[in-house]
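Subject: The model, and what turned up in it

Hi,

Here is the structure I said I'd pass on.

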Amino acid sequence: MSERLLRERVTIGWLYPSSLRTYGDRGNVLALSRRASWRGYQARVIPIERRDLIPEDVDVFFIGGGQDRAQSELAATLVHSHGPILRQRLSEGAALLAICGGYQMLCHEYVTLKGERIPGVGIFDAVTRASPGRLVGDVRVTSRWGEVVGFENHSGRTYLAAGTEPLGWVERGQGNNGEDGTEGLVCGRALGSYLHGALLPRNPELADWLLLQGLRRRNPAARLAELPVGWEPATHTPYDRGNPAAPMRQPAWSSGSTPCVRH
């Protein structure tokens with residue numbers, strides 16, 4: 001392992017780990033950290049709680065989901081305090097993964113069943129509306145990273161603005177809203193998704209893409225060495241059996257920049 005790599009560092013900022021930690025989503029942070037360290041980088045994870053300042057040197061941010069009460073308590077902090085700084089960090093080159101409740105809070109707003117509009121950060125060009133039912137089960141989507149799998153369990157329905165690229169197109173499961181065949185969202189170097197599992201350990205292509213975006217914040221010429229293929233493909237096997245009806249669209253991946261809210 002070269003001395004040069006050992007001197008290079010990648011910093012992962014984990015937003016609100018004490019409150020937003022359902023469905024084993026800490027596995028996403030572990031996947032980023034391990035896949036960086038296996039390549040010789042010094043991986044550092046910084047927990048960022050609601051009263052903490054966001055450090056300047058974070059390369060990749062992660063925010064997960066939690067119980068409704070926890071998300072409600074954090075919403076104001078995220079929108080008014082951390083949100084503007086997070087937007088600035090993304091504009092400076094950081095990458096981000098937001099899962100479930102974190103994904104919803106980074107959209108423009110969340111509309112409750114009573115019609116109350118709860119403002120979001122607005123990084124993602126999308127809105128979420130509450131629903132009395134839940135979308136639960138295994139999900140398989142086609143994406144620019146190939147097949148992506150995970151598990152969804154959410155009552156909110158997220159609708160992307162016209163021209164916004166989804167993370168993938170649903171082949172099995174429900175995705176963003178169970179209607180238009182989309183799952184998640186891509187906005188520059190930021191990804192939003194409803195997929196637990198955790199998402200990144202089961203889909204290493206996504207983990208490596210996020211890592212590379214973060215590394216290029218410090219070094220635009222950064223590259224990632226290939227890692228041996230391990231057990232990850234085996235986690236996709238169950239999704240090859242059966243294909244319950246789901247909305248399907250023909251993927252049309254953008255060759256240019258992803259339409260989304262300007263950071």
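Let me start with charge pairs: a search of the whole structure turns up 11 salt bridges (a salt bridge being a side-chain nitrogen of Lys or Arg within 4 Å of a carboxyl oxygen of Asp or Glu).

Before the details, some housekeeping. This is a predicted model, with residues numbered from 1 along each chain as its sequence is written, and local features need a pLDDT of at least 70. Side-chain atom pairs count only at pLDDT 80 or more, while totals for chains, interfaces and linings use all residues, and side-chain values use heavy atoms, with hydrogens and water left out.

On confidence, the chain averages a pLDDT (the predictor's confidence in each residue, from 0 to 100) of 86, and 85% of the residues score at least 70. Where pLDDT is low, the predicted coordinates should not be read in detail.

Back to the salt bridges. Helices (H or I, at least four residues) and strands (E, at least two) are DSSP runs, numbered from the N terminus. I also use buried for under 20% relative accessible area, exposed for over 50%, and partly exposed for in between (1.4 Å probe, protein chains only).

The side chains of Arg217 and Asp59 meet at 2.9 Å, N to O. Asp59 counts as buried because its relative accessibility is 0%, whereas Arg217, at 24%, counts as partly exposed.

Arg140 and Glu171 make another salt bridge, at 3.1 Å, N to O. Glu165 lies in the loop between strand E10 (157–160) and E11, and Arg144 in the loop between E8 and strand E9 (146–154), so the pair ties together parts that are 21 residues apart in sequence. Glu165 is buried at 6% relative accessibility, while Arg144 is partly exposed at 36%. Finally, Arg9, Arg44 and Asp57 are linked in a network of salt bridges.

Next, the strands. Two strands pair if DSSP finds at least two bridges between them. E8 and E11 belong to an open sheet of 4 strands with antiparallel pairing, in the order E9-E8-E11-E12. Its edge strands, each pairing on one side only, are E9 and E12 (182–183). E8 and E9 pair antiparallel over 9 bridges, and Leu135 stands opposite His154 in E9.

Strand E14 has partners of its own. It pairs in the parallel sense with E4 over 4 bridges, with Ile99 opposite Ser193 in E14. It also runs antiparallel to E13 (residues 185–187), joined by 3 bridges, and there Val186 stands opposite Leu191. E13 and E14 form a hairpin with 2 residues between them, and Gly188 in the turn has a positive phi of about 65°. From E14, Ala190 and Gly192 point one way and Leu191 and Ser193 the other, and all are buried.

Most residues other than glycine have a negative phi, and most peptide bonds are trans. Tyr16, not a glycine, has a positive phi of about 55°. Tyr16 is in the loop between strand E1 (9–15) and helix H2 (26–37), and is buried at 0% relative accessibility. Cys100 likewise has a positive phi of about 55° without being a glycine. Cys100 lies in the loop between E4 (95–99) and helix H4 (101–105) and is buried at 10%. The peptide bond from Gly197 to Ala198 is cis, with omega near -10°; Ala198 is in the loop between E14 (190–193) and helix H5 (199–202).

Last one: what does Thr128 touch, leaving aside its neighbours within four places in sequence? Its contacts are Gln104, Cys107, Glu109, Tyr110, Val111, Gly156, Arg157, Thr158 and Tyr194. Thr128 is found in strand E7 (residues 126–129) and is buried, at 0% relative accessibility.

Cheers

Note on methods: Contact = heavy atoms within 4.5 Å.
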